[in-house]
There are 2 protein chains.
Amino acid sequence: MKLASLKGGRDGRLVVVSRDLTRAALAGEIAPTLQAALDNWAETAPLLRSLAERVEAETTTTFRFRERDCASPLPRAYQWADGSAYVNHVRLVRKARGAEMPDSFLTDPLIYQGGSDAFLGPRDPIPLHDPADGLDLEGEVAVITDDVPLGVTPQAARRHIVLVMLVNDITLRERVPGELAKGFGFFQSKPSSAFSPVAVTPDELGSAWDGARLSLPLHVAINGAPLGHPDAGADMTFDFADLIAHAARTRPLSAGAIIGSGTVSNRGADGGPGLPVTQGGLGYSCIAEQRTVEKLLGGEARTPFLKPGDTIRIEMVDKDRHPIFGAIEQRVVPVV
Amino acid sequence: MKLASLKGGRDGRLVVVSRDLTRAALAGEIAPTLQAALDNWAETAPLLRSLAERVEAETTTTFRFRERDCASPLPRAYQWADGSAYVNHVRLVRKARGAEMPDSFLTDPLIYQGGSDAFLGPRDPIPLHDPADGLDLEGEVAVITDDVPLGVTPQAARRHIVLVMLVNDITLRERVPGELAKGFGFFQSKPSSAFSPVAVTPDELGSAWDGARLSLPLHVAINGAPLGHPDAGADMTFDFADLIAHAARTRPLSAGAIIGSGTVSNRGADGGPGLPVTQGGLGYSCIAEQRTVEKLLGGEARTPFLKPGDTIRIEMVDKDRHPIFGAIEQRVVPVV
């Protein structure tokens, strides 16, 4: 089934969305919000699934579903832990900062604690205070879990993945080096993230979902031009089961925890960093990677970071080219 | 007024507690949970205040208040950002790791994004998987805010502080160096924190509260022996207004955001790190500091980190020696 939160109140109003994303039904009689549904998932999931069947069969009242009416599926969450599972991304952005990647990054997952109290909606503008901050997008996949016990194994973690969605993990590149040097991780360099209009249960993904990773291209564009379409299932050094087990190593995760994949990033056919789309490559899910490769290939980074008026788009389609999650589509606006 | 959350459900049941912490009244008719009250604070605060007056005047039905029945005031929260405002602490724990403190730490606040989906209650046991992790307590003060706009100034931030409480920011010391070296901040090294039974509005603190810092000793003990009683108002390089402004620099904070002070830590009279309680000093709010000073004074750290069976206690009393927030009192238990 596919779920979304229409804008309204702090936590939105839960709706069940048709598979083709054209119609929806209010789910308020089952649970007023997605968080409320997740808090009691064993009981609400079957009821939501039954409503989803009626939406597909057109045997219940529905209304036109519009992605622009959506908040993020969880407009605020209790836990947002973002991995960095595509080591190719880590290697490239560190190279851009002149930093080597330690070998341990291949065996010990990187994950940072994100702020989760005020997510942007999938069509909300991205506020930019200072263009010198180096505003970048990061296209990612994320999962939502039910209650995950402390010390869960990767194998057992798979069972706790209840929903899948996309993320724009907005990053202020120029604030990253200073914050990471302080050792306490990202804070100001990671403003509010935005998520896809729709979150889906893993069964909606068919054979593209192996229980812990999603093997489909992620389409990322800036101002209508493709930035990349790397495969989210390729070069993922740590899958979602690994990331959940790492996050739950010394504490439990509560229902509604969001775990992100990190920026989707594929190596090139030669094992190198991969080529830009304009040179026939799969491209990138963030500007920082493209800039690093431009520097490696031609001596200087040419693609600028985002500025007011720019638009970004992140989406994923199934093998019949139908959108799965709806699109994250955001415009950068200046904040005075 | 003083507020608490009795255990029950994921978010507890909101109660108004008498000033002397002996009696309480259910506040469910005003708001079922503290988060619900904070979501609508302008309307709920006057009603809660009126109920608090009736509790003091004994003109409403009350019941015996027991700290052991409490969850943390917010059993789970959307935002938990913990500063490190007492630079003396930072200097000491870095010294223990052989790391110098950069001068910028005196002007640029340190703050890390904490995990907030599953806090421990004030009397809940602290689960310990591996004694080699170096389990430590950290005694801190924290504030809860209402909605804070992006880019708030320190001066304006003061108005957004609605409640004050204490924290035990539990830390696994031996996991810290590896995580900080990875650059992404704390994750496994910071398991679930615990908060004091009661959160109070700033007016309950009288002249000890200057609008952004709390000038009273924090009493921290291990197995009944005092570890320290440093003054939370002294040597606080950044006050809560500074910390909130730093946290809200590139994103807003939502109602119910918790901002921590970091481990309360005072310098000695000579400007040095300060002496242990057993040597007539004010002592420390965490074991790591005491170990560092032991090493400086006698060549080796003698105080062990916490092990199963140990108990810790964190509390603060007013000038008449009455407890303000109730006590955080936790026992370390092994997890099999």
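A salt bridge is a side-chain nitrogen of Lys or Arg within 4 Å of a carboxyl oxygen of Asp or Glu. In this predicted model, the count between chain B and chain A comes to eight salt bridges. One salt bridge joins the side chains of A:Asp147 and B:Arg10, with 2.6 Å from N to O.

**Symmetry of the two chains**

Chain B is superposed on chain A by a rotation of 180 degrees, with 0.0 Å of shift along the axis and an RMSD of 0.0 Å. The two copies are therefore related as by a two-fold rotation axis. Within chain B, B:Gly185 has the C-alpha nearest the axis, at 1.9 Å from it. Both copies use the same surface, since 98% of the contact residues of chain B recur in chain A.

**The interface**

The contact involves 52 residues of chain B and 51 residues of chain A. Between chain B and chain A an area of about 4800 Å² is buried, and carbon and sulfur atoms give 53% of this area. Of the area that chain B buries against chain A, 20% is supplied by B:Tyr78, B:Phe184 and B:Phe187, more than by any other three residues.

Polar contacts also link the chains: 25 residue pairs, with both residues at pLDDT 80 or more, are in polar contact between chain B and chain A. On the side of chain B that touches chain A, the elements giving two or more residues are helix 1 (34-39), strand 7 (111-113), helix 5 (176-182) and helix 6 (240-247) of chain B. The residues on that side of chain B comprise 23 nonpolar, 16 polar and 13 charged.

**Annotated domains of chain A**

An unreviewed entry places "Fumarylacetoacetase N-terminal" at residues 1-76 of chain A. The feature "Fumarylacetoacetase-like C-terminal", also from an unreviewed entry, is placed by UniProt at residues 80-333 of chain A.

| Span of chain A | End C-alpha distance | Helix | Strand |
|---|---|---|---|
| Residues 1-76 | 21 Å | 30% helix | 24% strand |
| Residues 80-333 | 25 Å | 16% helix | 22% strand |

**Summary**

Note on methods
Residues numbered from 1 in each chain as written. Chains lettered and ligands numbered in written order. Predicted model: local features only at pLDDT ≥ 70, side-chain atom pairs only at ≥ 80, totals over all residues. Heavy atoms only, no water. Contact = heavy atoms within 4.5 Å. Buried area = accessible area lost by both parts, 1.4 Å probe. Polar contact = N/O pair within 3.5 Å; in protein donor to acceptor, adjacent residues only side chain to side chain. Helix = DSSP H or I, 4+ residues; strand = E, 2+ residues; numbered from the N terminus. Nonpolar A, V, L, I, M, F, W, Y, C, P; charged D, E, K, R; others polar. UniProt positions renumbered as here; feature names shortened; annotations may be inferred. Least-squares fit on C-alpha atoms with pLDDT ≥ 70 in both.
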